Every structure is written in C-alpha cells, then in structure tokens.
Amino acid sequence: LVLAFQVRLVMKAHSFIRENVPRVLSSVKDKSGTVHIPRISQYLYFLFAPTLIYRDNYPRNPTIRWGYVATKFAQVLGSLFYAYYIFVRLCIPQFRNSSQETFNLRGLVLCIFNSILPGVLILFLVFFAFLHCWLNAFAEMLRFADRMFYK
C-alpha cells in the first residue's frame, strides 16, 4: 500500500511539473510581467482528485450526492467482506490440508490449481472495489465531474 501510494504521488508530481514548468519558462523567456504559478489549493485538489493529469481547473458538479457516496463505500465494504469469505472458504482449506501432508509436487500443483479461481475472483473484487467504488466515491466528494476512469 505504501509503495502504491508513493508511485501515485511520483506520477502526480511528474504531471504537475510537466504541465507547469514549460508555462513558467516561456513567460520568463518572453519577459512578460506576469508568471502564472498554480495556487496551493489547485495542487492540493489535484493530489486528492482521481486523475493523473494536472489541469488548473477541472469540471465540477454543483452538489455532492451523499447517498451515492454512502452506496459506493458500502460496496467497497461488501467487496472486502466477500473477498474475505472467498479466501476463508476456498483458499485456506486447500493450504491447511497440504500443510499436514508430506511435501510432494502433485499436492503443490493441485493446491495451486484449486486456488486459481478464488484468486481471480478476489482480484476482480479488488479492482471493482478500488477502481469503481473507491475512486467514484472520492470523485463525488470532491465534486469531480470527469468520471472517465476506464478510458
């Protein structure tokens, strides 16, 4: 989680620098009196907005739909509980039984193949919980109107 958060911050910092340095350098080169430097509030909004491309202004919704936010957080919670259920019911028994036996390649292969389907289901649940529910909930709370996460 920490590594993913750091990668996200590095990508956002790169986008911020890439968008603003040419603008500042061109205004210094032209020796114009005004240099447009982004405000701290614009940068802070960008840090929390579910986008990796910096803009000075983003399209905004007029209001926050708190029912929608609560629904998305409930879906995240439901996805986590369902992933836990799948893990406990389908993955742990496979490895618990294999730990009581002597090690052999056949048992290892069977254990891995029996865990593939539950692992894929958990992966889909994590992607749904984060990419769809979590990002949409924060986009709604920030009134972020451009919701094209999948494009």
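Mentor: A residue counts as buried under 20% relative accessible area, as exposed over 50%, and as partly exposed in between. Please keep in mind that the model before us is predicted.

Trainee: With that cut-off in hand, is D56 buried or partly exposed?

Mentor: D56 has a relative accessible area of 22%, so it is partly exposed, and R23, at 26%, is partly exposed as well.

Trainee: How should I read a salt bridge, and how many salt bridges are there here?

Mentor: The general idea is that side chains of opposite charge can pair when their charged atoms come close. In this structure the count comes to 3 salt bridges. One of them joins R23 and D56, with N and O 2.7 Å apart; this pair links distant parts of the chain, since R23 lies in helix α1 while D56 lies in the loop between α2 and α3, 33 residues apart.

Trainee: Which residue forms a salt bridge with E140?

Mentor: The partner of E140 is R65, and their closest N and O atoms are 3.0 Å apart. Here helix α4 (residues 105-141), which holds E140, is linked to the loop between α2 and α3, where R65 sits, 75 residues apart in the chain. E140 has 1% relative accessibility and therefore counts as buried, whereas R65, at 45%, counts as partly exposed.

Trainee: What is the nearest side chain of opposite charge to K72, and how far away is it?

Mentor: For K72 that side chain is E140, 9.5 Å away, and K72 is buried yet has no salt bridge. K72 lies in helix α3 (residues 66-100), and, leaving aside neighbours within four places in sequence, K72 is in contact with H132, C133, N136 and A137.

How values were computed:
Residues are numbered from 1 along each chain as its sequence is written. This is a predicted model: local features need pLDDT of at least 70, side-chain atom pairs count only at pLDDT 80 or more; totals for chains, interfaces and linings use all residues. Side-chain values use heavy atoms; hydrogens and water are left out. Helices (H or I, at least four residues) and strands (E, at least two) are DSSP runs, numbered from the N terminus. Buried means under 20% relative accessible area, exposed over 50%, partly exposed in between (1.4 Å probe, protein chains only). Lys and Arg count as positive and Asp and Glu as negative; His and the chain ends are not counted. A salt bridge is a side-chain nitrogen of Lys or Arg within 4 Å of a carboxyl oxygen of Asp or Glu. Contact means heavy atoms within 4.5 Å.
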